[in-house]
Amino acid sequence: MVIVLLLVVVPPVGIWLAWRSGWRGRGKTAAMGLSALWCVALVVSDPPEEKAAGDAEMAVAEIGDDKGADLLEVPDYTGQNLATAIASAAAHGYPAVSHDATDADARQVVDGNWTVCFQNPGPGTTISPGGEIDFAVVRRESPCPPADGLAVVYPRMPSVTEMTFGEALGLLADHALTGVEARSAYRDVALPSHPGAWTVCFQSPGAGEEVTEPEEVAVRLSVAEPGVECPAFDRARLIPEPDPEPVPMPEPAPMPVPVPVPEAALEPTAVSGGSGEPAGSGGLAYYPNCDAVRAAGQAPLYRGEPGYRSGLDRDGDGVACET
């Protein structure tokens, strides 16, 4: 029975034992032939190795399908605040890092002060959960550079003169310029509450000026009413002021008419003193005015001298009729 079992389970060993056994010739030959046929059938059929390989390939294919099912499409984070983008990426299972998108290579200390310009992997690509996203960012008030790692090219103030105020507002908004103020180009013309159809005559900042912080720039547009030409200069008058009326000049005051002085008055009048002597000899003298003093050759007169009196000493310094 052992030989028969071996002929079925392990044909080579069973055939060898049957050949060495004491079986009769015809039975031995039949058993060995059947065992040989069984052995050939086992060889011709699929070997276990190939079957195992096939199973392995199927398992790999199934794993690949499962991995593909886990891949997720990366959202578009460009234009978002860095703090918001990092939180959103984390919610989708992506860790995130960031770097300065400009050539300054600045650090991002406060994520809320930065804006995403570029991302790697880009929007729409697929990565497995846990894949890292790198955000290229700029400061919140700065525009994005042309490409990651390049210097920022700041916008320039567009020309809005000759546009309507409404058209100018739209163009300026496209350049992130929202602080716009309108005023009348004529200082004697009131500005309506909605000057959208008025024409822009003057602008500040001027066309072509570099705008480094669009959100902080105050744009002033001077506008004129439709159908009215712009003035030669800002804040001119539409209706010129009338010429002022001439002020009459006051008539000149009449010149005083000189009164001739009699020659007798120019002569010194001697007043006798206590001794009866004339002024020239040490007595008192009286002069009606300084001309008489000078005509008498006595100028100047000092206090205490004959003829000196306070009426002739105008400044009261003790000297009358100074020469």
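1. D188 is partly exposed, with a relative accessible area of 28%; the term covers values between the limits for buried (under 20% relative accessible area) and exposed (over 50%), computed with a 1.4 Å probe on protein chains only. This residue forms a salt bridge with R237, and the closest N and O atoms of the two are 4.0 Å apart. A salt bridge here is a side-chain nitrogen of Lys or Arg within 4 Å of a carboxyl oxygen of Asp or Glu. D188 lies in the loop between β6 (180–184) and β7 (199–204) and R237 in the loop between β8 (219–224) and α7 (263–266), so the pair ties together parts that are 49 residues apart in sequence.

2. On the basis of the values: this is a predicted model, in which local features need pLDDT of at least 70 and side-chain atom pairs count only at pLDDT 80 or more, while totals for chains, interfaces and linings use all residues. Residues are numbered from 1 along each chain as its sequence is written, and side-chain values use heavy atoms, with hydrogens and water left out.

3. The protein chain holds eight helices and twelve strands. These elements are DSSP runs numbered from the N terminus, with helices being H or I runs of at least four residues and strands being E runs of at least two. Of the 323 residues in the protein chain, 24% are buried. The chain exposes about 21,300 Å², of which carbon and sulfur atoms supply 58%; accessible areas come from the Shrake-Rupley method with a 1.4 Å probe, and for residues only the protein chains shown count as cover. Among contacts in the protein chain with a separation of 6 or more, 57% join residues 24 or more positions apart, a contact being heavy atoms within 4.5 Å.

4. The salt bridges number four by the rule used here. Besides its bridge to D188, R237 forms a salt bridge with E241, where the closest N and O atoms are 3.6 Å apart. R237 is partly exposed at 32% relative accessible area, whereas E241 is exposed at 53%. A further bridge joins D291 and R294, with the closest N and O atoms 3.7 Å apart. Both residues lie in helix α8 (residues 290–295), three residues apart, about one turn of the helix. R294 is partly exposed, with a relative accessible area of 40%. Through shared partners, salt bridges join D188, R237 and E241 into one network.

5. How many aromatic pairs does a search of the whole structure find? The search finds one. The ring centres of Y77 and F135 are 5.3 Å apart and their planes stand at 75°, so the pair is edge-to-face. Rings of Phe, Tyr and Trp (its six-membered ring) pair if their centres lie within 6.5 Å, and planes under 30 degrees apart count as stacked, over 60 as edge-to-face and the rest as tilted. Y77 lies in the loop between β1 (72–73) and α5 (82–91) and F135 in strand β5 (residues 133–139), so parts 58 residues apart in sequence are tied together by the pair. Both Y77 and F135 are buried.

6. An open sheet of three strands runs in the order β6-β8-β7, with mixed pairing; two strands pair if DSSP finds at least two bridges between them. At the edges stand β6 and β7, each with a single partner strand, so one side of each is left without a neighbour in the sheet. Neighbouring strands of this sheet are turned by 30° against each other on average, direction ignored. The pairing of β6 and β8 is parallel and extends over five bridges, and R183 has S222 in β8 as its bridge partner. Helix α6 (residues 165–174) packs on the sheet, touching β6, β7 and β8, and its direction makes about 160° with that of β8. Axes are lines fitted to C-alpha atoms, for helices over the stretch in contact, and angles run from 0 to 180 degrees between N-to-C directions.

7. Strand β3 (residues 114–120) is mostly covered, five of its seven residues being buried. Its pairing with β5 is antiparallel, over six bridges, and the bridge partner of F118 in β5 is A136.

8. S142 is located in the loop between β5 and α6. At 18% relative accessibility, S142 counts as buried. Leaving aside residues up to four places away in sequence, S142 touches V152 and Y154.
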